[in-house]
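Let us walk through this structure one piece at a time. Keep the 3D view open as you read.

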Amino acid sequence: MNEIKTVAVIGLGYIGLPTAAILATNGLNVIGVDVNEKTIEAVNRGEVPFVEPDLGVHLSGAVSQGHLKAALDTPAADAYIVAVPTPFKADRSADLSYIEAAANGIAPQLQGGELIILESTSPPRATRYMADVILALRPDLSLDGEGGKSIIDVAHCPERVLPGRVMIELVTNDRIVGGITARAAERAKELYAVFCQGEILLTDDVTAEMAKLVENSFRDVNIAFANELSLISDKLGIDVWELIRLANHHPRVNILQPGPGVGGHCIAVDPWFIVDVDPANAKIIRTAREVNDAKPEWVVEKVLKAVADAGEGAAIAVLGLAFKANIDDLRESPAIEIARSIAEALPQVQINVVEPHVQQLPKQLSAISNVELLQVDSALAASSVVVLLVDHDEFRSLNTSLLDGKALIDTRGVFRS
Ligand code: SAJ
C-alpha cells in the first residue's frame, strides 16, 4: 500500500478543479487531467476557467508553488480522483462513458497499491463498474488480493458542495466515503482528512452512491411539493408564500419555496438515476421530477394569458435567466426555457430580458430576433408585462413603484406586498 504523495484528479470542472487546488494547497503533489486543452492552459497559468469565489487564490498559489499542474494524459500517481460528468441519456439512464474513459486512462498507469476514488454523482453500482473496467484491462490486479494479485483500492466519495460556496463547503461539509472494501474506505478517509474538517463517514460504495442521489431527490421532492402548492393556491386565489410561511411556523413543518422550475446540473438530473434503477418503486421521486419539469410550461401559460389581457402593443420584461439567485450559472435553467417559449409563441412581441450576471444572451436566446438583453430600468420602462424568474438581490431591492400599472407574474414571491 503506497503512501499518498501524488494525486491525479481526472476532470477539472466545477468539482475536480477545486478539489485539485485544495489538495495541492495542503501539500500534496497534484496533476489535474482534462480533455479540454484550453482548460489545461488556463490551469497551468493559474487561472480559473469559470466563476467560483476564492478558487482563484487557491489555484494560483498551488500552481506558482509547483504543487499543481494540468495535463491531457493521465499520469502515474498514488491516488486518482475521478470527477467527470455523468449526464443522462435520452432514455434518462446514466451515461457512464466519461467514467469509462477515465478508467481507460488510469488502468495502464497502475502498479498495484493505488487508491482510486469516484467523485462524480453516479447511479448505484457505477463505482463497481469503474473497477470492473479497470480490472478487465488489468487482470494482474484485484480488489482483495485474491490469487496473490496486487490490490487496488476503489471507493466512492460523492461531492456535496453548493456552487458559489465550494471552497468553504469542501472544507466544512461532512463527507460520505463508500469503499468497495473496508480498506478502500479507510484509505479514502485518510486522503480527504488532509483538507476536510467535517466528519468523514464510512460506508460501502452503493450506499454512498445512493446517499448522494437521495440528498438531491429529497430536495427535489420538497420543491415539487412547494410547486404543487403554488398551482393549488393559484386556483384558490391565495398567496402561496404566505401559506408556506404560516405552515412553517409548525415546529415539524419546513416547506421549501416554489419557483419557475428546478434548474442546475444536479437536482434536476440525479433523481432520474434512482428512477432508472427501480422504476416500479420510485413513484414519488418520479412524480416530483414531473411536477418540477411541468412548472415552466405553467409559467409560460400565465405569461401568454397576461399578454392577451394586456392587448395590442404589449412588451414583456423577463427578470432573470440564471438557475438560481445571485449566480451567473445558466446551466439547465428553467428561466431560459421559459423566455425561449414565450419568445417563440409571441414572435411579434418584444421580450426585454434582464440578467445582471451575464454580458450577453445565451445561445438559446441570442438567435431569436424579438429578444434583447437590457438593464432593468430600461426593460421595465419598455414593458407592460413583467415576469420575475430569478430572485437575484438586484431584483429584490428594486423600487416597486417601477412596476405600477404592469401585469406581474412573480414566480419567486419577490414583489409580495
Ligand atoms: N429551488 C427552488 N426552491 C427552493 C430551493 C431551490 O425552486 O426552495 C430551485 C433553485 O432555484 C434551483 C434548483 O432548485 O433552480 C436547485 O438549486 P439548489 O440551491 O437547491 O441546489 P444546487 O443544484 O445549486 O446544489 C445542490 C445541493 N444539494 C442539496 O442541497 C441537497 C448541493 O449541496 C449539491 O452538492 C449539488 O446539488 C450537487 O452538485 O449535487
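A crossing of two helices is right-handed if the near helix is turned clockwise from the far one by less than a right angle, and left-handed if anticlockwise. Keep that in mind, and remember that this is a predicted model.

Start with helix 11 and helix 12. Helix 11 passes helix 12 in a right-handed crossing. What else do we need to describe such a pair? Two packed helices are described by the angle between their axes and the distance between the axes. For helix 11 and helix 12 (residues 334-345), the angle is about 40° and the axes are 9 Å apart. That angle makes helix 11 oblique to helix 12. Helix 11 brings P296, V299, V300, V303 and L304 to the contact. Helix 12 answers with P334, E337, I338, S341, I342 and A345. Sorted by class, the contact of helix 11 with helix 12 has nine nonpolar residues, one polar and one charged.

Stay with helix 11, but turn to its contact with helix 10. Helix 10 covers residues 270-277, and helix 11 covers residues 283-310. Their axes come within 9 Å and cross at roughly 140°. Is that parallel, antiparallel, perpendicular or oblique? Angles over 145 degrees count as roughly antiparallel. The crossing is roughly 140°, and so helix 10 is oblique to helix 11. This crossing is left-handed. Helix 10 supplies P271, W272, I274 and V275, while helix 11 supplies I285, R286, R289 and D293. The contact of helix 10 with helix 11 holds five nonpolar residues, no polar ones and three charged ones.

Helix 8 passes helix 9 in a right-handed crossing. A226, L229, S230 and S233 of helix 8 meet V240, L243 and I244 of helix 9. Five residues of the contact of helix 8 with helix 9 are nonpolar, two are polar and none is charged.

Now find the ligand. How many residues surround the ligand? There are 19, and the closest are V161, K212, R219, Q257 and F323. For R219, the distance is 2.4 Å. For N216, a polar side-chain atom lies 2.7 Å from a ligand oxygen. For E159, the distance from a polar side-chain atom to a ligand oxygen is 2.8 Å.

Finish at L143. Where does L143 sit? L143 is in the loop between strand 6 (141-142) and strand 7 (150-151). Leaving out residues up to four places away in sequence, L143 touches A131, L135, I151, I152, V154, I180 and T181. Now compare L143 with L236. These two are 93 residues apart along the chain, and their C-alpha atoms are separated by 59 Å.

Terms used:
Residues are numbered from 1 along each chain as its sequence is written. This is a predicted model: local features need pLDDT of at least 70, side-chain atom pairs count only at pLDDT 80 or more; totals for chains, interfaces and linings use all residues. Side-chain values use heavy atoms; hydrogens and water are left out. Axes are lines fitted to C-alpha atoms, for helices over the stretch in contact, and angles run from 0 to 180 degrees between N-to-C directions. Helices (H or I, at least four residues) and strands (E, at least two) are DSSP runs, numbered from the N terminus. Angles under 35 degrees count as roughly parallel, over 145 as roughly antiparallel, 65 to 115 as roughly perpendicular and the rest as oblique. Contact means heavy atoms within 4.5 Å. Ala, Val, Leu, Ile, Met, Phe, Trp, Tyr, Cys and Pro count as nonpolar, Asp, Glu, Lys and Arg as charged, and the others, Gly among them, as polar. A residue is near a molecule or strand if one of its heavy atoms lies within 4 Å of it. A polar contact is a pair of N or O atoms within 3.5 Å; within protein, one must be able to donate a hydrogen and the other to accept it, and residues adjacent in sequence count only if both atoms are side-chain atoms.
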